[in-house]
Amino acid sequence: MLFINNVSKSFGNEKVLENLQLQLRKGEIFGLLGRNGSGKTTVLRLIQQILLPDEGEIVFEDKRIHLHPEVKQKILYVPVRQPFYDPFNYKQIVRVLKNIYPNFDVTYANELINRYHLPENKPFRNFSTGMKKQFSIILAFAARPSIILLDEPTDGIDAVTRHDILQLMVEETAERETTMLITSHRLEDIERICNRIGMLQNNTISDVMDLDEMKGMYSKIQAVFEEDVILTIREKGIPILDHAGVFYTMVLRKDDQEKRTFLKNLKPKVWHELPVNLEEVFIAKFGGNRRW
Amino acid sequence: MIEIDPRSTMPIYEQIMQKLKELCIKGVLKPGDKLPSVREMASMIIANPNTVSKAYKELEREGVIETLRGRGTFVSETVKKTLDEGKMKMIKEALRQIMIDAFYAGISLEQMYQWMEDMKQEFGSDDDAFHK
């Protein structure tokens, strides 16, 4: 339903995205992962046309969005902070949103605002961080868009509010098949609610995969090498999660026979293959260039 | 009733399948019992609806549950007791690991048999899957 085709974007001389390709499917929750500063927010802002791509195009339901500004009513972006809501209370914000989004569902918004005991008469700026997030997300759902872009929806809030927000998101996709693109550093939330993920690294998205498949695609290797081989392993580009004495914990793609043979040739005394979780894949993927 | 662990290395749809099967074996869920809809289950355990739907489809394929159009999803009246070969191999492999651990821990075979008997009691002895 949404295609990002070969999109590139630079700020001044700094290239942020290059030939980015991504396709979002109806009713999915897609998790965009990456280190801080990798350009996740830029991707969301490009889809919402707050930024325009230098090259490439974004197509929503067969319409190139930069030629059809009306599709913006169907795509809603919830940034980390919403400073323009600050001086207004719930009723005032709803009045504005109703004008922008003709499908805005006031009954639904009222119901959720009541359900979560969010204040109706206080200005937004006096809300707590968690309330602000919950409030912004409720209003985004009430606008009845087809795609919601959520930038760090569950980061920096308490466990109860997080539970409520995740539940809201799950119900929204289940009931209305809303597509969501979310970024987060809370990998356990991503693991819980996303069906697909993609990694943003080196200005592009790689490793787009089903979360279920990911767990079958990688192995965690625990091995014992009597000789000091850490440099040899590192030079080979095999990510090491942990290393203490003769014990090594590494992550390998199951189909990477070359690296597997390489490690086996180092004559490990012990060799255990275990399943991975998302956090381990994330560290393996993004911690690779780190000087340990 | 069902808890999933997102950090587990087991895919979430498999966790859902395993938990539901466990509830069936323990008799908490009985043949003919209605299961929550995909939407209700997703909201209850906070998981992606596509993932829940995948778990339900797999369970249906295995004959554990059945979906009746417009009425919902139910625990199958004839929960298929026949295990396919892959499953048998998997269980045998798991048992091998346990036997190795037990051997090194000095646990006798008699003790193991006793535990198996106890577990059988716990799951309900009328379950004829254990007599095949």
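Tutor: Two strands are taken to pair if DSSP finds at least two bridges between them. In this predicted model, pairing of that kind joins four strands of chain A into an open sheet, whose order is 2-1-4-5 and whose pairing is antiparallel. Strand 2 (14-24) and strand 5 (63-64) of chain A stand at the edges, and each has a single partner strand, so one side of each is left without a neighbour in the sheet. Within that order, strand 1 (residues 2-11) and strand 4 (residues 55-60) of chain A are joined in the antiparallel sense by five bridges, and Ile4(A) is found opposite Ile58(A) of strand 4. In a regular strand the side chains alternate between the two faces of the sheet.

The contact between them takes seven residues from domain 1 of chain A and five from domain 2 of chain A. On the domain 1 side of this contact, helix 6 and strand 9 (196-201) of chain A each give at least two residues, with helix 6 of chain A giving the most, three residues. Sorted by class, that domain 1 side holds four nonpolar, one polar and two charged residues.

Another antiparallel pair in chain A is made by strand 12 and strand 13, which are joined by four bridges. Ala244(A) stands opposite Phe247(A) of strand 13, and the hairpin that the two strands form has two residues between them, with Gly245(A) taking a positive phi near 60°. This pair leads on to helix 10 (residues 278-286) of chain A, in which Leu278(A), Glu280(A), Val281(A), Phe282(A) and Ala284(A) are buried. Those buried residues pack against several elements of chain A, including strand 12 (240-244) and strand 13 (247-253), and also against helix 6 (187-193), helix 7 (211-217) and strand 3 (29-33).

Helix 6 and helix 7 then bring us to the partner chain. The contact between the chains takes 20 residues from chain A and 16 from chain B, and on the chain A side the elements that give two or more residues are helix 5 (159-176), helix 6 and helix 7.

Chain B itself contains five helices and three strands, which follow the pattern α-β-α-α-β-β-α-α along the sequence. Its assignment gives domain 1 (12-75) and domain 2 (85-131), with 26 Å between the C-alpha centres of these two domains of chain B. Of the 132 residues in chain B, 21% are buried, and among its contacts with a separation of 6 or more, 52% join residues 24 or more positions apart.

Technical notes. Residues are numbered from 1 along each chain as its sequence is written. Chains are lettered from A and ligands numbered from 1 in the order in which they are written. This is a predicted model: local features need pLDDT of at least 70, side-chain atom pairs count only at pLDDT 80 or more; totals for chains, interfaces and linings use all residues. A residue is buried if 20 or more other C-beta atoms lie within 10 Å of its own, exposed if 12 or fewer, and partly exposed in between; C-beta atoms are placed from the backbone. Two residues are in contact if their C-beta atoms, placed from the backbone, lie within 7 Å. Ala, Val, Leu, Ile, Met, Phe, Trp, Tyr, Cys and Pro count as nonpolar, Asp, Glu, Lys and Arg as charged, and the others, Gly among them, as polar. Domain bounds come from an automatic or database domain assignment.
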